[in-house]
Amino acid sequence: MLDQNLLRRDLPSVVKALSLRGLSFDAERFNRLESERKAAQTETEALQARRNALAKQIGQLKSRGEDASAVMAESQAIPEQLKQLEARLSAIQTEISDWLLTVPNLPHESVPEGLSEEDNVEVRRWLPPGMQADADGNPPALGFEVRDHVAVGEPLGLDFETARKLSGSRFMMLRSQVARLHRALAQFMLDLHTTKHGYQECYTPYIVNASTLMGTGQLPKFKDDMFWVTKGGDDDGEEDREELYLISTSEITLTASVRDSILPAEALPTRLTAHTPCFRSEAGSGGRDVRGMIRQHQFDKVEMVQIVHPEKSYEALEEMVGHAEAVLQALELPYRVVALCAGDMGFGAAKTYDLEVWLPAQNTWREISSVSNCEAFQARRMQARFRAGKGKPEYVHTLNGSGLAVGRTLVAVLENGQQADGSVVIPQALHPYMGGLEVLKAE
């Protein structure tokens, strides 16, 4: 959530920053609500002062033996007036808060301008040692007819037909060697982040309540992109029913673990990681990537989250990008790092880098990780703070990033490791996780 004090102090700069994201913020509406809030607050304070003055006057009249009935009558009417003002002030503040829950974060000053992925800026690219780039700076052609991950993976255990029978489109079932490779990737990522990068491994719930999603920013704006279930209710199944949601990323649970908390400054930075399934309804994604594993309703991801001191968050952002890069480099997968423009960033992000892996069958780079600094945007919604010594609590900064999306990494390994005979060379870093197996071949 945006800082209301900033809105009151420098509304034009907020309006300008949001316009970079393609959002027209209704400054007139905010000014009207703010004017009503101030008027109600001023009236409340005046009534409270009047109540105090009347109490003093009543005491003086009674001490002199004079009639205080008229003054007492006025004083007795004030509590009801204050109650009405409190309700009015609460309604105004609720309207402002509910509105701001739907407004995205402000882009950092270093974020490139632009409204679509066409305006994103490549920062760097990396090719495995010994690989010579082509004239466009991309990995060279494989030297034989390239097949996509579906054609490569199906003989090795990638089973979409059974998944469609069980659940419908955009689900997958993995068998045999491919299932083991998928598990190996997740284990390798977790081991790298916990032993080399200083993250604490967590196992988190896959189902969360609405308050958790409000805090991390998925609700109310992105409800249609979530899968949800209900629990409880009376005999008719209507009363006291609680709406619960399947997580779309473990960013939600890891970040929200500090909700309603005041951390000691020495607890920062807090680095957390988890491997979980992720569930996304992909509402509004149209017919994008309907073939294969690129865009699924259920997929696995190893997530990285950092909770840091505000002065350290941009240093942490670059560090987390490096942690995601380390996975790709260890797997010898060509990739590039892209700074997202203001209009292409996620709702809660102040700055985002995408890592895009090379997919030979598509002859292009595809997102495999997104690493974002949300600054205090989520912390303000969650009331996640820290305290240095005896000082006043301050909001932490939160960061999240994929380290990596396991399914997309599997896609990249299958496509980049494919051989002319249909086999797939397994990256050396995964050999210990595959029982020493170095090549996947159809059984």
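User: Which residues of α10 are buried in this predicted model?

Analyst: Happy to start there. Helix α10 covers residues 313-330. An α-helix has 3.6 residues a turn, so residues three or four places apart point the same way. The buried residues of α10 are S313, A316, L317, M320, V321, H323, A324, E325, V327 and L328.

User: How far does α10 reach from its first C-alpha to its last?

Analyst: The helix has 18 residues, and at 1.5 Å a residue 26 Å is expected. The reach in the model is close to that, at 26 Å.

User: What is the handedness of the crossing of α7 and α12?

Analyst: Helix α7 (residues 176-195) packs on helix α12 (residues 406-417) at an angle of about 115 degrees, with the axes 10 Å apart. Their crossing is right-handed.

User: How many residues of the contact of α7 with α12 are nonpolar?

Analyst: From α7 come V178, L181, H182, L185, A186 and M189, and from α12 come V406, G407, T409, L410, V413 and L414. No charged residue takes part, and 3 are polar. The nonpolar count is 9.

User: Is S248 buried or exposed?

Analyst: Good one to look up in the loop between β7 (242-246) and α9 (251-256), where S248 is found. Beyond its neighbours within four places in sequence, S248 is in contact with Q218, M226, C278, F279, R280 and F299. Its relative accessible area is 7%, and the cut-off for buried is under 20%. S248 is therefore buried.

Conventions. Residues are numbered from 1 along each chain as its sequence is written. This is a predicted model: local features need pLDDT of at least 70, side-chain atom pairs count only at pLDDT 80 or more; totals for chains, interfaces and linings use all residues. Side-chain values use heavy atoms; hydrogens and water are left out. Helices (H or I, at least four residues) and strands (E, at least two) are DSSP runs, numbered from the N terminus. The expected span of a helix is 1.5 Å times one less than its number of residues. Buried means under 20% relative accessible area, exposed over 50%, partly exposed in between (1.4 Å probe, protein chains only). Axes are lines fitted to C-alpha atoms, for helices over the stretch in contact, and angles run from 0 to 180 degrees between N-to-C directions. A crossing is left-handed if the near helix is turned anticlockwise from the far one by less than a right angle, and right-handed if clockwise. Contact means heavy atoms within 4.5 Å. Ala, Val, Leu, Ile, Met, Phe, Trp, Tyr, Cys and Pro count as nonpolar, Asp, Glu, Lys and Arg as charged, and the others, Gly among them, as polar.
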